[in-house]
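Follow the charged side chains through this structure. The text below looks at a few of their pairings.

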Amino acid sequence: MQVQGARGLQLSAAAPHALSFPASRIFFRCDLFPEEFSIVVTLRVPSLPPKKNEYLLTVVAEERDSLLLGLRYSPTQLHFLFLSEDGAGAWQTRVSFRSPALVDGQWHVLVLAVSEGSFSLTTDCGPAVDIMADMPFPATLSVRGARFFIGSRRRTKGRFTGLVRQLVLLPGSDATPRLCPCMNPELAVLSIPAILHGLTGKPEDNEVLKYPYETDMKVTLGPRPPCTKAEDAQFWFDASRKGLYLCVGSEWVSVLAAKERLDYVEEHQRLFTNSETLGIEVFVIPEAGLFVATANWKTTSAIYKWTDGKFASYQDIPTHQAQSWRHFTIGKKASSCIFLAVANFEPNEKGQEFSVIYKWSQRRLRFTPYQRVPTHSARDWEAFEVAGEHFLAVANHREGDNHNIDSVIYKWNPGTRLFEANQTIATSGAYDWEFFTVGPYAFLAVANAFNGTSTRLQSHLYVRLGGSFQLFQSFLTFGAADWEVFYIGERVFLAVANSHRYDVEMRVQNDSYVINSVIYELNVTAQTFVRFQEIRTCSALDWEFFSVGEDYFLVVANSFDGNTFSVNSIIYRWQGYEGFVAVHSLPTFGCRDWEAFRTAAGSYLVYSSAKEPLSRVLKLRTG
């Protein structure tokens, strides 16, 4: 709708749920809301009754219908709401600003900036109003299972009845310098949808007049029509996908998006590597970009940077039969340190056996060696944080021919700025560590693969109590190569990848590689993980959990069926009571590791091959 020479969107009163999306669409790598951020909104608000409130934006935990974060206004005040928690319970905190004459029927630009205990509101590029609240914004506000609602709080009551022109969530404490100063501060632009940029007709001096795009609106039904000059500013409703589109120029622009669903998978890139690749790690470095690190079997591993829609060679790093990489960060904001740890399986040319932690150099924009850590045929690193302290756990696979050795948990010493041994845990051919939390409890699972005579042995789950990890539960596994934890709503699952059955006293059969891998679910009442589902796999080496829209998926790395390494890896979709059901079969060769990632262009999977110097990036096509 056009008012006072500017376009804005008026939200539907009939479907407050329509303008919403899962928080995982934004927070796909981490489910914690940023501690410092800005909300920029351009709006025009009509007059309101004295005690009425309307919501501009909310984040709601869907299952318990609790408000995690919200921005609402009344005739006299603007309120910022957020959920606060401590050991005593949870409550809603409200920070209120005296309303800067919002309900005057004019366009206004608001910038709400949040930084620790400081809350700042700037209106139309004017002086900022600062509030130092007793309760700071939480540093660990989880939005797992939550949903963003635009212009509502999930229901019709309190629905936004004005016009909105831009609504932007930005990391960082204050976005005001990115908009101000401005020639037209009431319409300062940071990012607005393309359909609101141009006008199809020139407004007359008298704003009461109706313009052609208001009086001649048409909505086309049926299959996708052409978008030409004749259809400019006309709508098309795609009934099959339940999406509403507007013709702008020569393209149909989504106005009301349909639910994103995985349709099919296609090859996007063949990534040629230095040699066979054991593990891959996808990560983001702020202001630098998206990267993938490949753990290569020969003496050089590599880092690739996402450039023009594909991974391009960025940095080579000497390694010794590298098995995996782990990216992690210590510190916050500008003072944070970014690290990348490699697990080396073999000693160097001098017979020295160690793995290496690399640190990102902001000056050189490269990773440089930071710390050597003695390891024994290391298979995996796991980085995690407990109560503000940082840890690294290494999975030591064997020392010589002895597979029954200690794996080590290292703790970051802020004084020396080095990792130091903190705890040892007895393991048998350790292959993988997996850290996760459930409420206030921290857990660490180890995948034990081989004890020197058999792959049939117990893998263990530890819980941190009294400053150390203690045994919580044991699982019978068969050459366990990977643990993957994932959450669906309030449910917690733990999947193990079983690679093969082997015992020195029995003759190995080809079908010993085709065995069941197992998904366990946490039974909160019994305080134990119970068997949920078994899935037939072919020497499974990795599980990867990911989501597309509101659907959840697991993909398994099937590596060998006893006869060939050309084995299909499978994508399974979560179907509630049915559990995980196979939906896509992907040809792979010696598949070793999967990673899921997302860019502005869509969602992707990348897998590594332990049998050829070629990894593949697959694009998830949605319909």
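A residue counts as exposed when its relative accessible area is over 50%, and as buried when that area is under 20%; in between it is partly exposed. The model discussed here is predicted.

Side chains of opposite charge can pair when their charged atoms come close. A search of the whole structure finds 19 salt bridges.

Start with Arg154 and Glu62. Their closest N and O atoms are 3.7 Å apart, and the two form a salt bridge. Arg154 sits in the loop between β12 (146-150) and β13 (163-171), Glu62 in the loop between β5 (54-61) and β6 (66-73), so the bridge ties together parts 92 residues apart in sequence. Arg154 is partly exposed, at 30% relative accessible area. Glu62 is partly exposed too, at 25%.

The loop between β5 and β6 also holds Arg64. Its side chain meets that of Glu490 in a salt bridge, at 3.9 Å from N to O. Glu490 lies in the loop between β35 (480-488) and β36 (491-498), so this pair links parts 426 residues apart in sequence. Glu490 has 54% relative accessibility and therefore counts as exposed.

Now move to Arg398 and Glu346. They form a salt bridge with closest N and O atoms 3.8 Å apart. Arg398 is in the loop between β28 (389-396) and β29 (404-413), and Glu346 is in the loop between β24 (337-344) and β25 (354-361), so parts 52 residues apart in sequence are tied together. Arg398 is partly exposed, at 23%. Glu346 is partly exposed, at 25%.

Conventions: Residues are numbered from 1 along each chain as its sequence is written. This is a predicted model: local features need pLDDT of at least 70, side-chain atom pairs count only at pLDDT 80 or more; totals for chains, interfaces and linings use all residues. Side-chain values use heavy atoms; hydrogens and water are left out. A salt bridge is a side-chain nitrogen of Lys or Arg within 4 Å of a carboxyl oxygen of Asp or Glu. Helices (H or I, at least four residues) and strands (E, at least two) are DSSP runs, numbered from the N terminus. Buried means under 20% relative accessible area, exposed over 50%, partly exposed in between (1.4 Å probe, protein chains only).
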